[in-house]
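Please look at the sequence and the structure shown here, and then read the report on one pair of helices and on the spaces inside the fold.

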Amino acid sequence: MRDPSQFWKQLGRFQSLLVLVLMIVAMSLLSDRFLTSANGLNIMRQISVNVCLAIGMTMVILSGGIDLSVGSVLAFSGAITAGLMKTAVPLPWLGVELQFTTWGAIVAGLTAGSFLGWFNGQMITRLKIPPFVATLGMLSIARGMTMLWTKGFPITGLGDGFAILGTRSVLGIPMPVWIAGCLVAVFVLLTKKTRVGRYTYAVGGNEQTARLSGLNVNRIKVIVYTIAGGLSAVAGLIMTSRLDSAQPNAGAGYELDSIAAVVIGGTSLSGGRGTILGTVIGCLIIGVLNSGLVLLNVSPFWQQVVKGGVILSAVAIDRMRESND
């Protein structure tokens, strides 16, 4: 390639993958327990929840927004599912109690998460509340509703049928990895082959131009926030199943991990540019980093410092790339 600037621009497109490869090589040299199949499966299992959250976050950020409520929606959806499996819901006006099956409780949990995401979209499009403020409010509302529903105590003992989602393996691969992998395949196709995907990029790239082109911008935004809420509920189901318990404080801080994965994976915080596969690489980078630091017995406090430094570096690189375009 004759033009060096073009070479570096092409190289920049694969920077996340290069970082991941370099981190794997470095961790393998520093710890002989890192490059094993057991540790690889453990990393994949641990990042599955974040992959679900980060896919939804990618859709939101591609549309030019942000969602700070995904961790709380995760906790609320898991608590709703667990609570409905354990306790019948009294219907005084009918004089009966409604007992949910496992599948009925799962559908209720997914519906609850999707509804909160839809409500985020309504606040942003109809009330014109900035996404940061609207989803920050939902973060507190969903966490508070979780505390009210659980009375501040974990809901445990959910049964072997529900445990399949988080603890079983198929062909040696944990179920959470299968679920996350299927979601990745679906949303890669959705972003590349469907109108919703193309319109999401268009809205994030230039909202005013998209509106003048005849796109229903508000509908697209409501759809992506509803998707984010639904995927947060999926993450909540996986976590609740794996722990056999719905914890009131589950998912606290997960919104930061999902945003970090999206940014590290190359999606622009300004919207309109990024990929689902890039986000998956971002999740892998965070997972490899966490696993490597644990194996090296690095203090949890220093782990937070290192993770914060990686996030800031990713944002700085994103800003430099945008200024050069």
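Predicted model: local features only at pLDDT ≥ 70, side-chain atom pairs only at ≥ 80, totals over all residues.

Where H8 and H9 touch, Leu190, Thr191, Lys192 and Lys193 of H8 meet Arg195, Val196, Gly197, Arg198 and Tyr201 of H9. Sorted by class, the residues of this contact between H8 and H9 comprise 3 nonpolar, 2 polar and 4 charged.

Rolling a probe the size of a water molecule over the atoms shows where empty space is left. The count of cavities of 30 Å³ or more comes to 2, and the second largest cavity holds about 30 Å³ of space. Its lining is made up of Val188, Thr191, Lys192, Tyr201, Thr275, Ile276 and Leu277, and among these Thr191, Lys192 and Tyr201 also take part in the contact of H8 with H9.

Helices H8 and H13 each supply at least two residues of the lining of the second largest cavity, with the largest share, 3 residues, coming from H8. By class, this lining has 4 nonpolar, 2 polar and 1 charged residues.

## The largest cavity

The largest cavity has a volume of about 50 Å³, and the residues that line the largest cavity include Leu74, Ala75, Gly78, Gly236, Met239, Ser245 and Ala250. Helix H4 (70-86), helix H11 and strand S6 (245-246) each supply at least two residues of the lining of the largest cavity. Which classes of residue make up the lining of the largest cavity? The lining of the largest cavity divides into 7 nonpolar and 5 polar residues, with no charged ones.

## The second largest pocket

The second largest pocket has a volume of about 400 Å³, and of the 15 residues that line the second largest pocket, the closest to its centre are Gln46, Ile47, Tyr254, Asp257 and Asn290. The elements that give two or more residues to this pocket lining are helix H3 (37-62), helix H11 (217-243), helix H12 (254-264) and helix H13 (276-295).

Helix H3 gives the most to the lining of the second largest pocket, with 5 residues. The lining of the second largest pocket divides by class into 8 nonpolar, 4 polar and 3 charged residues.

Note on methods: Residues numbered from 1 in each chain as written. Heavy atoms only, no water. Contact = heavy atoms within 4.5 Å. Helix = DSSP H or I, 4+ residues; strand = E, 2+ residues; numbered from the N terminus. Nonpolar A, V, L, I, M, F, W, Y, C, P; charged D, E, K, R; others polar. 1 Å grid on protein atoms, 1.4 Å probe; cavity = no way out; pocket = protein on both sides within 12 Å on 5 of 7 lines; lining within 4 Å. Points joined across faces, edges and corners; volume = space filled by probe spheres on them.
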